[in-house]
Amino acid sequence: MLNNVLKIICYLVVGCLIGVYICNYRYFTLDPSIELGDLLVLVVTSLLGVYIADNIQKHQSSDRKEKDFIIDEILEIRKEVNCLASHTETGIFPFD
């Protein structure tokens, strides 16, 4: 957990340093005004990205739950088969 927080802080600091360097570099000219269309495109794109990521995560989580359930069922069946195999070797069955 602490490792992830340190990673985020490092990325943030590096991003800020790169941003300051690019803004001070005279080759790039930045327009300080923001147009409404550009702002709407930014908001819609961001929301669409968050929606797609959330939808994919829910789908993967649902698939994982189904796989875990199937794996648990297979393990139970395998345990029963092993139990029957051991009873077959001894020749004594619990349901006789």
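1. Overall shape first: the protein has a radius of gyration of 29 Å, whereas a compact globule of 96 residues would have one near 12 Å. That radius is taken over C-alpha atoms, and the globule rule is 2.2 Å times the number of residues to the power 0.38. Along its principal axes, the C-alpha trace spans about 90 × 30 × 20 Å.

2. A word on the source: this is a predicted model, where local features need pLDDT of at least 70, side-chain atom pairs count only at pLDDT 80 or more, and totals for chains, interfaces and linings use all residues. Residues are numbered from 1 along each chain as its sequence is written, and side-chain values use heavy atoms, with hydrogens and water left out.

3. You'll find 2 helices and 0 strands here (DSSP runs numbered from the N terminus: H or I of at least four residues for helices, E of at least two for strands). Helix H2 covers residues 36-90. Just after H2, glycine 91 takes a positive phi of about 85°.

4. Now the salt bridges (a side-chain nitrogen of Lys or Arg within 4 Å of a carboxyl oxygen of Asp or Glu): the count comes to 2.
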